[in-house]
Amino acid sequence: MKRLLASIALAATLALPAYAHDDAAQKAPPSEVMTLYDIATAPNPDRIYSDIETLAGFGTRHTLSDTQSDTRGIGAARRWIKAEFETISAQCGGCLEVFYVSGFVEGETRIPERTEVVSVIAIQRGTLDPNRMVMMSGDIDSRVTDPLDGTSDSPGANDNASGMAGVLEAARVLSKYKFAGSIVYAGLSGEEQGLFGGKIVAAHALDQGWEIKGVLNNDMISNISGIDGVVNNSVVRVFSEGTRDTETPEEARARRFTGGEVDSPSRNLSRYVKYLGDQYMVNLDIMMVYRLDRFARGGHHRPFNAVGIPGIRIMETHEHYDRQHQDLRVEDGRVYGDTLDGVDKVYAAKLTGLNAITLAGMAGAPPFPENVEASGAVTASATLKWDRPSGTRAGNLMGYRVHWRATTAPEWTNSRYVGNVDEWTFENLVIDNYYFGVSAVAPDGSETPVVFPGAAGRF
Ligand SMILES: [Zn+2]
């Protein structure tokens, strides 16, 4: 028995880094990351409006539109976006890597002829864990009534110059800071033609081995006047898939027995957005929608989900269909078209702020808990175990926070900081009755989303 105790003590000594032995290990990290308050309100409505105006000013940004002109068409638009990222980079000592990611598409219903679909990417490299990334995306392209019409005026002010302008503004704000992980700012193309830019960039990410922990797809973030008659500038929707698209039959079978139907990484990413928004923003309520996207409609987070990358859609709450995908016209006194007068710049700035605190929170956090597993069937207490990272990338790991909630609760309700350990037992919490998860925390309080155990919740 003595020998057993001694070996346990030795194992504990080996497993824990030096400061975990101090009394400091019992000290919790700060509950607020004070810089996030500044970041939340930093996006400038006028700059966002000006960028939307510039993008709408290219006449059309249809994926099949002119690529040669410097004033009209998607070629001019993407070159302007790239130049804008380069300007932002020049102001932070070259802190952004700016480049195109493109591929050719043909033989598709909405891209019949061979067309190069070109997205613009800017990466703000992390200082400790540069390969761990969080992405904010908007779309470059626009469309009118006929999805193949590449010549008619298609300002796409809200859909989706607003999302693109939000991405540029987030880059302006966050490039003034340094983070442990990397932030990717993306202008995706080919969205209206079948999510092609997202597919191409997702494939590029896998090919490059980028560890993207979350994609924040912003699609329509400036309209506050809905087809339902509601005018509201203080609610945002966040859509997320319930079970992961890439779940194997074996993983689905395991999930059936252990749970996880509402705890995909995308879903826990949406809870993270809500948690941060509730804490750091005023006059903005986050409405999580437990659904991949709007009913039977698509968006650019989906191609990332399709290859196993967590991703969510952030957007306005009250859409107006007269101002989406419409030829500019007046019919029976009713005005159609996605023009600048439908843009609410203050609302777009708020949603950009929500994105920015999420990007900063995730990029500022330590590496995510890995290989999280739950156990404890037929015992009084549930146990979570996880793997801790080592080396440079773990340089800002302070410890872990464990979370639990009733199975019917939509959000995490309970948590506690447990120090720099790789295991925690919830005394007298029977595993059957709760969901459990764990997040990693940095010394400044920056935290990862909650990771649900097993393949169902893995980031
Ligand atoms: Zn659209």
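How many salt bridges does the structure hold? The structure holds 26 salt bridges, a salt bridge being a side-chain nitrogen of Lys or Arg within 4 Å of a carboxyl oxygen of Asp or Glu. This is a predicted model, in which local features need pLDDT of at least 70 and side-chain atom pairs count only at pLDDT 80 or more, while totals for chains, interfaces and linings use all residues. Residues are numbered from 1 along each chain as its sequence is written, and side-chain values use heavy atoms, with hydrogens and water left out.

**View 1. The two domains of the protein chain.** The domain assignment, which is automatic or taken from a database, gives domain 1 (2–31 + 370–441) and domain 2 (36–364). Their C-alpha centres lie 35 Å apart, and across the interface of domain 1 and domain 2 there are two salt bridges.

**View 2. The salt bridge of Arg405 and Asp263.** The side chains of Arg405 and Asp263 meet with N and O 2.8 Å apart.

**View 3. The salt bridge of Glu319 and Arg237.** The closest N and O atoms of Glu319 and Arg237 are 2.8 Å apart, and both residues are buried (under 20% relative accessible area, with a 1.4 Å probe and protein chains only; exposed is over 50%, and partly exposed lies in between).

**View 4. The salt bridge of Glu331 and Arg329.** The closest N and O atoms of this pair are 2.7 Å apart. Glu331 counts as partly exposed because its relative accessibility is 38%, and Arg329 is likewise partly exposed because its relative accessible area is 26%.
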